[in-house]
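Please read these notes with the model open beside you.

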Amino acid sequence: MRIRQLAMATTATALLAVTAGCGGSSSTAAGSGGKVPTITVTIEGVGPISTDANLAKKVPADLRGRGTVTVATNAPYEPFIDFKQEGRTDEFKGLDYDLFLAASARLGIKATFTQQPFDGLVPGLQAGKYDAIAGGITDKKERQQVATFVDYSASGTGFLVKTGNPLGVKTVVDLCGRKVAVQKASNQAKNLAAYSTESCAGRAIEVKEYPENPQAVQALIAGNVEVVAATRVNLVDTAGTLAGKADLVDDPSAPNGWLASPNGFGFLKSKKDVAEAYRAAVQSLIDDGSYAKILGQWKQTPIAVKQATIDQAID
C-alpha cells in the first residue's frame, strides 16, 4: 500500500522544452540507428536538466523510436503527485513528477502523465495501457509479480516523543513496555504488535490505535501515551509544528525510519531494460546533486537514498 499519511502543500513546476537534432548534442541510441534528441526540463529550485548521450544509449530501440513514455499516476497524493491547478486533471506537479521528468530528460525521452484510479495502476501496466506508474508507490514483493521497480527513496516508521525525550527513546528497542499511539489499521499497528510478541518478552508494547495520526499526536501531548509511531516523513512535518511540545527521534542507524520500505517507479516486468535505463538516470541525478535539490524542494530530504536500486522491497 502507498503511505497515505503524507500531506504537504509545496509548489514546484517542471517546464518541458524539447530540442531535436541539435548537432553535437545528439548521439546514436544503441540499435536505434537514429539521432538522440536533446531534451531539457527546467525544474523549479533545481534548474535545467538535459539529455546525457551515454545514458540515452541504454534506452531500448522501440522506446527510443517513440520518444515518449506514458506514466500513469493517481493524484492527489502530496507531496509525490498532485494536480497543478484545481479543477484540472491533466496537469501535474510533485516530487515524482519532477524526478520522473528529470530522469526521462537524461535519457532523451519526453514523459507524459495521465490520471488513473489507484487500484487500476498495476493492472493497467500489465495490460500495456501505459509504460510506467509513479506517485509515491511502495515497492512490494506482491507487485513485483507484474512490475519491476526503480527504487528512488525509502520511508519507514519514525517515533515522536515529548520534548527533550525524557524516556530516552532512541530505537524501536526502547518501545518495549511503553504506551505507543498509532493510526488504526496502519503498518505501524501491525509491525509493532509483531515486534512486541517477538522481541519484548515480559515488557509488551501497549499499542493504542487512533482513527488518524492527528489524534495519536494529541494523545501524546495530553500524556495519554508515551510515543507516537507513524511514517517518519509525515512526522518530520508534524514535529515542525510542535516546537516545545514534541520531538522526532533521530536514529542514525535507521535514517529513513524503522523498517523503511522503498518507493519506486514501476515498469512492466518484461521491460527490465527500460527499468535499468531509468535506474541509471536516477543515479546520475543523485550523483550530480539534482536529486537532493528535488527532494529538498518538496521538503522530503529524510526519504533520500544514496543509491538508486531495483526491486528492493522488504515485504
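1. A definition comes before the strands: two strands pair if DSSP finds at least two bridges between them. Strands themselves are DSSP runs of E, at least two residues long, and are numbered from the N terminus. The model discussed here is predicted.

2. Begin with the chain as a whole. The protein chain has 315 residues, and 51% of them count as buried. Its secondary structure comprises 9 helices and 15 strands. Among contacts in the chain with a separation of 6 or more, 74% are between residues 24 or more positions apart.

3. Now take strand β12, residues 227-231. Is this strand enclosed or open? Of its 5 residues, 5 are buried, so the strand is largely enclosed by the rest of the structure.

4. Strand β12 has a partner in β9 (residues 147-162); the two run antiparallel and are joined by 4 bridges.

5. Strand β4 (residues 68-73) can be treated in the same way. With strand β7 (residues 110-115), β4 forms a parallel pairing of 6 bridges. Thr73 has Gln115 in β7 as its bridge partner. Strand β8 (residues 132-133) is joined to β4 by 2 bridges, and these strands also run parallel. In that pairing, Ala72 is opposite Ile133 of β8.

6. Next, the helices. Two packed helices are described by the angle between their axes and the distance between the axes. For helix α3 (residues 95-106) and helix α8 (residues 272-287), the angle is about 105° and the axes are 9 Å apart. The two helices are therefore roughly perpendicular to each other, since angles of 65 to 115 degrees are counted that way.

7. Which residues make the contact between these helices? On the α3 side they are Leu99, Phe100, Ala102, Ala103, Ser104 and Arg106, and on the α8 side Tyr278, Ala281, Val282, Ser284 and Leu285. Sorted by class, the contact of α3 with α8 has 8 nonpolar, 2 polar and 1 charged residues.

8. Lastly, consider Ala313, in the segment after β15 (309-310). Is Ala313 buried or exposed? With a relative accessible area of 12%, Ala313 is buried. Apart from neighbours within four places in sequence, Ala313 is in contact with Asp139, Lys140, Lys141, Gln144, Asp151 and Pro262. Ala313 and Ala260 are 53 residues apart in sequence, while their C-alpha atoms are 9.4 Å apart in space.

Methods: Residues numbered from 1 in each chain as written. Predicted model: local features only at pLDDT ≥ 70, side-chain atom pairs only at ≥ 80, totals over all residues. Heavy atoms only, no water. Axes fitted to C-alpha atoms, helices over the stretch in contact; angles between N-to-C directions. Parallel < 35°, antiparallel > 145°, perpendicular 65-115°, else oblique. Contact = heavy atoms within 4.5 Å. Nonpolar A, V, L, I, M, F, W, Y, C, P; charged D, E, K, R; others polar. Buried < 20%, exposed > 50% of the residue type's maximum accessible area, 1.4 Å probe, protein only.
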